[in-house]
Amino acid sequence: AGLPVRYYIPPEDVRMEHLVPSHRTTFCPYKGTASYWSLKSGDRIIANAVWAYRDPLPECAAIKGHFCFYPEKAAIAVEDA
């Protein structure tokens, strides 16, 4: 589709205390309806910086509930467990 590569992170690897649910939703004809979260760090909130497909289309079932971060809105760090 000409879009940048996106990485979908499993929820157990996301620090959920930094996510604030948003009312925003969008629809992708390939994946389905996306729900959004804002990213909170201290007093700073980055609106709609994260999305996930709670109930994706069957062809994309592997990303169900995984979170994706807009790299242009927030940098993420991956830590070794």
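User: What counts as a polar contact here?
Analyst: A polar contact is a pair of N or O atoms within 3.5 Å. Within protein, one must be able to donate a hydrogen and the other to accept it, and residues adjacent in sequence count only if both atoms are side-chain atoms.

User: Which backbone nitrogen does the side chain of S38 reach?
Analyst: The one of N48, at 3.1 Å. This is a predicted model, where local features need pLDDT of at least 70, side-chain atom pairs count only at pLDDT 80 or more, and totals for chains, interfaces and linings use all residues. Residues are numbered from 1 along each chain as its sequence is written, and side-chain values use heavy atoms, with hydrogens and water left out.

User: What's pLDDT, and what does the protein average?
Analyst: pLDDT is the predictor's confidence in each residue, from 0 to 100. The protein averages 91. At least 70 is the score of 96% of the residues.

User: Back to S38. Where is it?
Analyst: S38 sits in strand β2, residues 32–41. Strands (E, at least two residues) and helices (H or I, at least four) are DSSP runs, numbered from the N terminus.

User: Is S38 buried or exposed?
Analyst: S38 counts as buried because its relative accessibility is 10%. Buried means under 20% relative accessible area, exposed over 50%, partly exposed in between (1.4 Å probe, protein chains only).

User: What does S38 touch?
Analyst: Leaving out residues up to four places away in sequence, S38 touches H18, L19, V20, S22, I45, I46, A47, N48 and A49. Contact means heavy atoms within 4.5 Å.

User: How does β1 run relative to β2, parallel or antiparallel?
Analyst: Antiparallel, with seven bridges joining them. Two strands pair if DSSP finds at least two bridges between them. A hairpin of three residues links β1 to β2.

User: New topic. How many helices and strands are there?
Analyst: Zero helices and four strands. From the N terminus on, the order is β-β-β-β.

User: Why call the protein compact?
Analyst: Its radius of gyration is 13 Å, close to the 12 Å that the globule rule gives for 81 residues, so the protein is as compact as a globular protein of that length. The radius is taken over C-alpha atoms, and the rule is 2.2 Å times the number of residues to the power 0.38.

User: And how much of the protein is buried?
Analyst: Buried residues make up 35% of the 81.
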